[in-house]
Amino acid sequence: MKIKLIEIFTSIQGESSYAGFPFFFIRLAGCNLRCSYCDTKYAYNENAPEVEIEGILKKVESSL
């Protein structure tokens, strides 16, 4: 199965009860919510490359 992927990155969670913990972020393409506070408008792009989910999982596992 393929999904449209914008980016994968590690960072520190800045929101919720998990704030301050290291996180692995998988940002998908094609968001249609258009929140007024959105800081990732580039994720609106629906023309992002399609990536196999298995490939994403392998990338996450190799980073642990």
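The model contains 1 salt bridge, a term that here requires a side-chain nitrogen of Lys or Arg within 4 Å of a carboxyl oxygen of Asp or Glu. The partners are Arg27 and Glu7, whose closest N and O atoms are 2.6 Å apart. Arg27 belongs to strand S2 (residues 22-28) and Glu7 to strand S1 (residues 2-12), so the pair ties together parts that are 20 residues apart in sequence. Side chains of opposite charge can pair when their charged atoms come close. Glu7 is partly exposed, at 24% relative accessibility.

This is a predicted model, in which local features need pLDDT of at least 70 and side-chain atom pairs count only at pLDDT 80 or more, while totals for chains, interfaces and linings use all residues. Residues are numbered from 1 along each chain as its sequence is written, and side-chain values use heavy atoms, with hydrogens and water left out. The pLDDT, the predictor's confidence in each residue on a scale from 0 to 100, averages 91 for the protein, and 100% of the residues score at least 70.

The secondary structure consists of 1 helix and 3 strands, arranged along the sequence as β-β-β-α. These elements are DSSP runs numbered from the N terminus, with helices (H or I) of at least four residues and strands (E) of at least two. The C-alpha trace spans about 35 × 30 × 15 Å along its principal axes. Of the 64 residues, 14% are buried; buried means under 20% relative accessible area, exposed over 50%, and partly exposed in between (1.4 Å probe, protein chains only).

The accessibility of several residues named in this report is as follows.

| Residue | Relative accessibility | Class |
|---|---|---|
| Ser16 | 51% | exposed |
| Tyr18 | 48% | partly exposed |
| Phe21 | 47% | partly exposed |
| Arg34 | 43% | partly exposed |

Two of these residues carry backbone features in loops. Ser16, in the loop between S1 and S2, has a positive phi near 70 degrees although it is a residue other than glycine. Arg34, in the loop between S2 and S3, is likewise not a glycine and has a positive phi of about 55 degrees.

There are 4 aromatic pairs. Rings of Phe, Tyr and Trp (its six-membered ring) pair if their centres lie within 6.5 Å, and planes under 30 degrees apart count as stacked, over 60 as edge-to-face and the rest as tilted. The ring centres of Tyr18 and Phe21 are 6.4 Å apart with planes at 70 degrees, so this pair is edge-to-face. Tyr18 and Phe21 also belong to one aromatic cluster with Phe9, Phe23 and Phe25.

The largest pocket holds about 530 Å³ of space. On a 1 Å grid over the protein atoms alone, a pocket is an open set of points where a 1.4 Å probe fits, with protein on both sides within 12 Å along at least five of seven lines, and lining residues have an atom within 4 Å of a point. Grid points are joined across faces, edges and corners, and the volume is the space filled by probe spheres set on the points. The lining comprises 19 residues, with Glu15, Arg27, Cys38, Asp39 and Thr40 nearest the centre of the pocket. S1 and S2 are the elements that give two or more residues to this lining, and S2 gives the most, with 4 residues. The lining divides into 11 nonpolar, 4 polar and 4 charged residues, where Ala, Val, Leu, Ile, Met, Phe, Trp, Tyr, Cys and Pro count as nonpolar, Asp, Glu, Lys and Arg as charged, and the others, Gly among them, as polar.
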